[in-house]
Amino acid sequence: MYFVRIDFDDGYSTIVNSQYFLGISSDYFWQRGPLVAWLLVPAEFLANLLGLGALNVLPHHATMIAIHMAYLVGVWIMLKREFGARAHTLLGFIAAVPTFLFFSYAPFISHDLFPGAVALLMVMLASDQIERPTRRRWLILVALGTSVMLVKQTYALIWVAVGIAGSVSLQLGENRGLKSIKPILNLASAALASAVLTWIAYSWVLRNSFGAHPLLLGPWLQFRGVLDYVQSGGDIAKIFNQWMYLRNLSAHGYLAVALALPGLFFCLRSGNIRRQSVAVAWLVLVTFMQLLEFKEVRYLGFLAPLTALLVVAALDAIIGFRRSYLWVVLLVLAVDVAGVTREAMRITSPYYSKEVSGFLDLFPAADKLAGTLVMNAPLSFVSPEPYAFYTDRFHRITHLVPDQLRYLLGYDPARMLLIYDQDLVDRPDVAPGSIFIYCNDVL
């Protein structure tokens with residue numbers, strides 16, 4: 001928290017949305033789900049109460065540290081309840097959860113890590129609901145499904161995976177046939193209730209984001225807006241490399257990647273409906289995430305808890321078959337830990353604590369801006385590491401768009417001018433005392 005004084009584009013948008021819910025900012029960044037912004041409201045309130053700088057992200061990062069610590073503890077508790085507090089459980093947890101990818105994004109405001117704990121919990125609760133349905137568990141599933149979709153709309157896929165996993169695990173078990181329909185309908189009703197609540201929540205949050213429109217049309221306009229924005233940059237297949245996930249498998253840990261498929265096999269053969277459900281859900285989610293054209297390596301971060309369960313199952317079977325294989329496992333894990341340690345330590349670089357924040361400190365306070373702030377494109381800050389995820393267009397890069405600066409610094413919209421041709425700086429409204437920043441392109 002002390003070293004990281006910068007965030008990514010998503011993080012700055014989320015802070016602005018926290019300001020919106022506090023009544024500080026007038027507009028909502030409609031591309032983002034509201035839940036993380038709600039979680040950061042206390043941090044933003046504290047930042048304003050203490051008079052911290054508008055771009056000071058320390059309170060927000062303190063909140064994310066607490067969230068990610070709860071995520072780690074929650075995943076460990078679920079694995080421990082399933083497999084017991086044994087060495088194999090700990091090895092699987094270390095291999096699949098605190099990975100290189102985790103430490104690439106955990107120090108920042110992230111929407112892609114902690115939902116994985118919710119996904120694993122939902123799959124486990126759904127398998128319990130199939131065997132012993134209760135109203136309390138049904139309500140918990142509705143609440144969890146709603147909350148995770150309010151983080152990001154993509155996580156509606158978790159409900160799809162839960163439903164398919166429940167159906168398949170029933171056919172793998174002893175209770176087959178028509179009498180299996182009732183528990184699946186029970187899950188489907190929970191998914192439907194969750195979807196309705198999510199749609200209503202998004203409709204309320206987006207009520208002022210698209211001009212005059214029917215209230216319940218907001219989520220659809222949001223979807224179309226995101227799609228149009230991405231397509232405006234060119235062919236989606238060229239923007240997002242379709243082999244990105246395969247080329248960046250090491251980000252999820254060498255040991256975890258090596259044991260995920262064996263773990264899938266052992267879980268499906270286990271006869272345990274919970275493990276079978278996790279295996280099927282993992283397979284469904286991996287397939288759907290690959291089929292989606294929008295790809296960034298971090299998008300697979302939420303699968304880590306499910307992967308951890310598969311890895312522990314594989315370790316149980318492999319080391320149980322021949323204990324000497326434990327040394328091979330430890331060797332591969334040592335390679336993972338070495339890479340993870342380097343990634344975790346990178347945040348001590350001055351880039352994350354001084355270089356970018358020093359540049360942003362050059363912007364005057366709202367009441368000290370004498371002229372106009374003129375910009376033509378987002379500011380792009382590239383971290384000094386010599387490597388990044390293959391073809392991941394946002395890894396290691398922070399973008400700060402003009403609207404984010406305006407809201408975070410509290411500038412009057414009339415004092416900001418966006419231009420798209422450097423020759424226009426001779427316009428009369430670019431008065432003396434103005435600040436002019438020109439970027440020839442977005443990195």
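## The nonpolar core

The largest nonpolar core in this predicted model has 129 residues, and Y71, M122, F363 and L379 make the most contacts inside it. A core here is a set of buried Ala, Val, Leu, Ile, Met, Phe, Trp, Tyr and Cys residues joined through side-chain atoms within 4.5 Å. Buried means under 20% relative accessible area, exposed is over 50%, and partly exposed is in between (1.4 Å probe, protein chains only). Helix α16 (residues 304-321) gives this core its largest share, 11 residues. Helices are DSSP runs of H or I, at least four residues long, numbered from the N terminus. Apart from this core lies another one of five residues, including L227, V230, I236 and F240.

What does M122 touch, leaving aside its neighbours within four places in sequence? M122 is in contact (heavy atoms within 4.5 Å) with L141, L144, G145, V148, I158, W159 and V162.

## Salt bridges

The whole structure has 15 salt bridges, each a side-chain nitrogen of Lys or Arg within 4 Å of a carboxyl oxygen of Asp or Glu. One of them pairs E82 with R274, with the closest N and O atoms 3.4 Å apart. E82 sits in helix α4 (residues 58-83) and R274 in helix α15 (residues 273-291), so this pair ties together parts 192 residues apart in sequence. E82 counts as buried, at 12% relative accessibility.

D112 and R298 also pair up, at 2.6 Å between the closest N and O atoms. D112 is in the loop between α6 (100-105) and α7 (115-131) and R298 in the loop between α15 and α16, so the pair links parts 186 residues apart in sequence. D112 is buried at 2% relative accessibility, and R298 is buried too, at 11%. Both belong to a salt-bridge network that also takes in D10, R32, K152 and E296.

Then there's D228 with R224, at 3.3 Å from N to O. Both lie in helix α11 (residues 218-231), four residues apart, or about one turn. D228 is partly exposed at 40%, as is R224 at 32%.

## The cavity

There is one cavity of 30 Å³ or more. The largest cavity holds about 70 Å³ of space, and its lining includes F8, F108, R346 and H395.

## Reading the numbers

Residues are numbered from 1 along each chain as its sequence is written, and side-chain values use heavy atoms, without hydrogens or water. Local features need pLDDT of at least 70 and side-chain atom pairs count only at pLDDT 80 or more, while totals for chains, interfaces and linings use all residues.

Technical notes:
On a 1 Å grid over the protein atoms alone, a cavity is a set of points where a 1.4 Å probe fits but cannot get out, and a pocket is an open set with protein on both sides within 12 Å along at least five of seven lines; lining residues have an atom within 4 Å of a point. Grid points are joined across faces, edges and corners, and a volume is the space filled by probe spheres set on the points. Helices (H or I, at least four residues) and strands (E, at least two) are DSSP runs, numbered from the N terminus.
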